[in-house]
Amino acid sequence: MKLPIQLAKDSRQPIYDQIEQQLKALIAGGHIASGTALPSIRVLSKDLEVSVITTRRAYQNLELAGFIETIQGKGTFVKAIDDKTQKETRDQAMENILKEAIRQALQYDSDLDHIKTKLLTILSELEGELK
Amino acid sequence: MSCIKVKELHKFIDDFHLGPINFTVEAGTVTAIVGANGSGKSTLIKTLMNVWKRTEGLIEFFDQDVTRSDDWKRNVAYQSQKIEGYDIYTLTEMKSFIKMWYPQFDEDLFEDMVNTFQLPKNKPFHKLSEGMQQKMALSLTIPRQTDVMILDEPTAAIDIPAKKYIMDLLVNWLDRGERSIIFASHEADDIKKLADYLLIIKDGKQIEYVEKETLIERYTKLILSKPVAEKLATELDRSHDQREVILEAGEVKQLHQDIKENIISELRPDLEELISALLK
């Protein structure tokens, strides 16, 4: 399967960390079920146009954190994660997205109060839409 | 575990001097040799393969000095830029020669490549177009099942669909063990998709042997609202009326307040623009 990972050009976040966080979010969000075979390090490196050193680092960290496991001679698979980890990871992913959006908004308007007001307006608009 | 070791390598030919070259290839990794025309890429590859004798230094494949014996060659598949010695022979004839040297030759992979490329089996090599010649050479190189492949501009004359097929083949080939590739290329796409390490050479001198993301993350590209007049300390390149500057990422924090206020955005430079800047 081809993983829907997109590396941001305007982020200071290291590339291995972007791969790691996005994969975590995909797993915790239930987009990739436990037991799913992940692409090999070489294949993912080709797809993302990064080195195997970078991809291996992301996979190793994910393995240490208990999100994936490598079975010698078979490949790398998504592990089942507990509810607490799932919730924490989703929270973290959401927080990262919001932080990034605010950071980008700050490039257009450095007034934090203004951004806060705007954020609340957007939230109440969305609340109306989603109801 | 390293599979290729090069130390203080020098090669003099006429008035061209290649070197010093120093790098070690870890098994399971891909190194792209990058440089302008005439920078010494093919000279380096020929010297590595001991086709041209080195003037000074050390070259080892699998811990064996390349000048001692030819044993290591059975585990290295090499494709030169100009394919020599194939001229009057057909694909079928070439394959039987090559099988003598590489008895483990993968017939299934060979057949798959020949069918995909629609190669004529009984036409002499010199009667084929340049692209077909390169496809034929690859069909005789990749199936050798060696641990190392050394390819000098392997896809320069090849069409887009075949390039994609070859890329997938090489990725598959690499996945079948701790295999390594060294290739020289001008194709940005091949370098981005396949290379782990870059060996950048300029006028015969090695300027970098570096892992791809280490190089990319070393630099940052500033997009500025106003041009900066002075050259910055770690500046590598600038363009677009001095409003795009590539510099070392660490310098951004120390920039003068005037410049900092003009930063519209800070981007990670593209591999292509970094290579061009380093080769200027």
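Two strands are said to pair if DSSP finds at least two bridges between them, and the strands themselves, like the helices, are DSSP runs numbered from the N terminus, with at least two residues (E) for a strand and at least four (H or I) for a helix. This is a predicted model, in which local features need pLDDT of at least 70 and side-chain atom pairs count only at pLDDT 80 or more, while totals for chains, interfaces and linings use all residues. Residues are numbered from 1 along each chain as its sequence is written, and chains are lettered from A and ligands numbered from 1 in the order in which they are written.

**Strand pairing in chain B**

Strand 1 of chain B takes part in two of the pairings set out below, and strand 11 of chain B in the two others.

| Strands of chain B | Sense | Bridges |
|---|---|---|
| Strand 1 (residues 2–13) and strand 2 (residues 16–26) | antiparallel | eight bridges |
| Strand 1 and strand 4 (residues 56–61) | antiparallel | five bridges |
| Strand 11 and strand 13 (residues 244–248) | antiparallel | five bridges |
| Strand 11 and strand 14 (residues 263–267) | antiparallel | four bridges |

Strand 1 and strand 2 of chain B form a hairpin with two residues between them, and B:Asp14 in the turn has a positive phi of about 50 degrees. Along strand 2 of chain B, B:Val25 is the bridge partner of B:Ile4, whereas B:Glu56 in strand 4 of chain B stands opposite B:His10.

In strand 11 (residues 219–224) of chain B, five of the six residues are buried, so the strand is largely enclosed by the rest of the structure; here a residue is buried if 20 or more other C-beta atoms, placed from the backbone, lie within 10 Å of its own, exposed if 12 or fewer do, and partly exposed in between. B:Lys221 has B:Ile246 as its bridge partner in strand 13 of chain B and B:Leu267 in strand 14 of chain B.

**Chain A and its contact with chain B**

The contact between the chains takes 15 residues from chain A and 16 residues from chain B, where two residues are in contact if their C-beta atoms, placed from the backbone, lie within 7 Å. On the side of chain A that touches chain B, the elements that give two or more residues are helix 2 (41–48) and helix 3 (52–64) of chain A.

In chain A, A:Ile41, A:Arg42, A:Leu44 and A:Ser45 of helix 2 meet A:Val52, A:Thr55, A:Arg56 and A:Tyr59 of helix 3.
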